[in-house]
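Me: I'd like to walk through this one with you, a piece at a time. Could you keep the terms clear as we go?

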Amino acid sequence: MNIGDHWKTIFDTLHDGLIVVDTSGCIVALNPAAEEITGFAAEELQGRSCRILNCTGCKFVGKGSGDKWCRLFAVGGVRDKQCMITKKDRRTVHILKSARVLRDASGEMIGAVETLTDISQLVRQQEEIKSLKQTCQPGDSFYGILGQAPVMLNLYGMIDNVARSDAPVMITGQSGTGKEMVARAVHQAGGRREKPFIKVNCAALNESLLESELFGHVKGAFTGADRSRIGRFEAADQGTIFLDEIGDIPPSTQVKLLRVLEEKKIERVGDHNPISVDVRIVTATNKDLENLVRQGTFREDLYFRINVFPLQCPPLAAHPEDIPLLTSHFISRNMIHSDKDIAGISPAALDRLMAYDWPGNVRELRNTVEYAFVLCPGGTIDEIHLPARVRGFVRPPSAPPAVNGDETGQRGLLEQTLRQTGWNQSETARILGVSRVTVWKRIRKFGIERPWAAGSR
Ligand SMILES: Nc1ncnc2c1ncn2[C@@H]1O[C@H](COP(=O)(O)OP(=O)(O)OP(=O)(O)O)[C@@H](O)[C@H]1O
């Protein structure tokens, strides 16, 4: 076959647009794909300057021909340059452009050939992904955590500080307050962010499974161990291990964990070869660990080892001013997965959300919005679309709003804020939204002592 006889067919069959210009940029030939991309018929472009396409990737340097007017002729070619051209109907098309100068047998420049790939759809999809990401993680979030109330800003400040160190962090707070999000934020905000973040739910596994999950095992270590397996500590090497529900680990595992924390070495179950690991420890619990220590079910030495830097997630009742922000975030998130056209929430329904006491915290609010999405046919979420417990909630007259949550929450928050403010009681009162006298009374009520005054820890 003489391929030279078939160039025109090959040229016309290409899916990418092809344009040939002479040294002054005058369009000599183009294929049907180029007609499609530009919206011009071949006869409309032939003989015209390529400037008609208004390509944002072209660098015109002057007048004349060749390298005197266009940079392409000076550099010889471009490859996969993302730019935009203007179509005949004035609309913009995103293209990927490659171009090469053409020379005759004597090496004289005679023109250039350009290929154009229409990437408009790809760019649109990228923009959609970007906007979805923004909806899922609005700009005013802290590593995905939402809330602008002083107690939340205080928490973000503490996370930022502790992320710069490798100190073990213990996160406390009621269920659904975002402890796992805080653990991830500690990892993300620190120098280990490019390394693994490994979560282990200590309450979900029995004693032997938990040990093999944490430390790994060798083949034959127990019935059913038909091959060796690395544990979560090894998997988290150089990164962070997040031990959720730490209050639930059995006493024998507590001993082993303490040894790992002190020696920074693990032993796989069924093996005695120590393996060094470099892991940051973050733990979380919704139990009162101090109480478990007093009862003797949690080792005091382990408690002090993991509780070097405590972080307290405030209950939602301690920052009700964040309910509108959280609600609109969950509405946007539900919109992505729903074909319903829900525009927002009515003021009356929002009032109901603000009045409720949220024992299940932000998780309960998320579930409440999900529930409302099921009932609401479209338009605005109204009171009628809320679960009966929220709709019908009446705060007992004797119970003032749970401004700072229950007593365990109050104490933790107070201690954390006092530490953050260097024991400035006025500043602490401002952050917690209570009076200075209340701060003073709570310090006495809970018997909180300044660390240097206590002389311990
Ligand atoms: N401040 C927040 N901003 C945005 N979403 C939040 C916030 N707090 C909690 N959530 C959402 O609430 C849900 C529960 O959060 P998370 O699992 O981190 O809570 P938790 O305190 O670890 O709960 P548990 O103790 O039950 O394990 C998640 O869907 C999370 O996205």
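This is a predicted model: local features need pLDDT of at least 70, side-chain atom pairs count only at pLDDT 80 or more; totals for chains, interfaces and linings use all residues.

Me: Is alanine 221 buried, exposed or partly exposed?

Reply: Alanine 221 is partly exposed, because 18 other C-beta atoms lie within 10 Å. The cut-offs are 20 or more other C-beta atoms within 10 Å of a residue's own for buried, 12 or fewer for exposed, and partly exposed in between, with C-beta atoms placed from the backbone.

Me: And how far is alanine 221 from valine 269 in space?

Reply: From C-alpha to C-alpha they are 6.3 Å apart, although 48 residues separate alanine 221 and valine 269 in sequence.

Me: Switching to the ligand, which residues come nearest?

Reply: Ser175, Gly178, Lys179, Glu180 and Val362 come nearest, out of 15 residues around the ligand; to be near, a residue needs its C-beta atom, placed from the backbone, within 6 Å of the molecule. The elements giving two or more residues to that shell are α7 (179-189) and α15 (361-375).

Me: Now the sheets. In what order do the strands of the parallel one come?

Reply: The order is β7-β10-β13-β6-β14, five strands in an open sheet with parallel pairing, and two strands pair if DSSP finds at least two bridges between them. At the edges stand β7 (197-201) and β14 (309-312), each with a single partner strand, so one side of each has no neighbour in the sheet. The twist from one strand to the next averages 20°, with axes being lines fitted to C-alpha atoms, for helices over the stretch in contact, and angles running from 0 to 180 degrees between N-to-C directions.

Me: How many residues of β13 are buried?

Reply: Six of the six residues of β13 (residues 280-285) are buried, so the strand is largely enclosed by the rest of the structure. Arg280, Val282 and Ala284 point one way, while Ile281, Thr283 and Thr285 point the other way. Four bridges pair β10 with β13 in the parallel sense, and threonine 240 stands opposite arginine 280 there. On β6 (residues 169-172), which also has four parallel bridges to β13, threonine 172 stands opposite threonine 285.

Me: What about the antiparallel sheet, in which order do its strands run?

Reply: That open sheet has five strands in the order β2-β1-β5-β4-β3, and its edge strands, β2 (27-30) and β3 (77-86), each pair on one side only. Eight bridges pair β3 with β4 (residues 92-103) in the antiparallel sense, and valine 78 stands opposite alanine 99. Nine bridges then join β4 to β5 (residues 109-118).

Me: Where is arginine 90, and what is its phi?

Reply: Arginine 90 is in the loop between β3 and β4, and its phi is positive, near 75°. Most residues other than glycine have a negative phi. Arginine 90 is exposed, because 8 other C-beta atoms lie within 10 Å.

Me: And tryptophan 358, buried or exposed?

Reply: Tryptophan 358 counts as buried, because it has 24 C-beta neighbours inside 10 Å. Its phi is also positive, near 50°, and its place is in the loop between α14 (347-355) and α15.

Definitions and conventions:
Residues are numbered from 1 along each chain as its sequence is written.
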